[in-house]
Amino acid sequence: GIAYARNRGAQEAQGKFIAYIDDDALPAEQWLGTILDSFKLNDPKLACVVGKVELRWELEKPKWFPEKYEALLGKYDFGNEPRYLDENDYLLTMNAAFDRETFINIGSFKPYLGRKGKCLLSGEDNEMYDRLYNSGLKIYYNPKQLISHLVSKERLSAAWLTKRFFWEGATQVLLDQEGKVFL
């Protein structure tokens, strides 16, 4: 699963920062430079920087597909001005970079909350965000840290959207129970 891969990448990395981008995404020309600038130019020290994700449709977007559900396809847009994220926001690691030392210290992504094969759980990002934010660490959004994410034709059906809704609900139940003891 993706959480295992990202965790392994963090363990193997030797640089000061680790950056994640999905395999079906394309970074803007200055993507890495923008990430480094965000880390260098911000005080206090940032734990994580995230950027805007625009959708790149393999086929024309279906007229019936509501714009408000584009986040389920990976759209991530907190506007055109850089800012620190707050308690109302969330993390999307398809376009994120971490201070490696902070990442190692806060702990890795929890694989049981992430995607594996056809399972569309998607909670490892949000659980990581909660740990970072609740620890008082700073997460910075820079819209110039831009990528485009492919929306494949397989994701353009009502059946796929229904399946995605199901897994979003399952994810939410797991996140709501995170840290609670089951008897």
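Reader: How much space lies in the second largest pocket?

Author: About 150 Å³, where a volume is the space filled by probe spheres set on the grid points. This is a predicted model, so local features need pLDDT of at least 70 and side-chain atom pairs 80 or more, while totals for linings use all residues. Residues are numbered from 1 along each chain, and side-chain values use heavy atoms, without hydrogens and water.

Reader: What makes Trp160 and Lys163 part of the lining of the second largest pocket?

Author: A pocket is an open set of points on a 1 Å grid, where a 1.4 Å probe fits, with protein on both sides within 12 Å along at least five of seven lines; lining residues have an atom within 4 Å of a point. Trp160 and Lys163 line the second largest pocket, so each has such an atom. Arg115, Gly117 and Glu154 are also among the lining residues.

Reader: How many residues of that lining count as charged?

Author: Five, beside two nonpolar and two polar. Asp, Glu, Lys and Arg count as charged, so Arg115, Lys118, Glu154, Arg155 and Lys163 belong there.

Reader: And which helix gives the most to the lining of the largest pocket?

Author: Helix 4 (124-134), with three residues. The largest pocket holds about 590 Å³; among the residues closest to its centre are Leu92, Asp125 and Arg164.

Notes: Helices (H or I, at least four residues) and strands (E, at least two) are DSSP runs, numbered from the N terminus.
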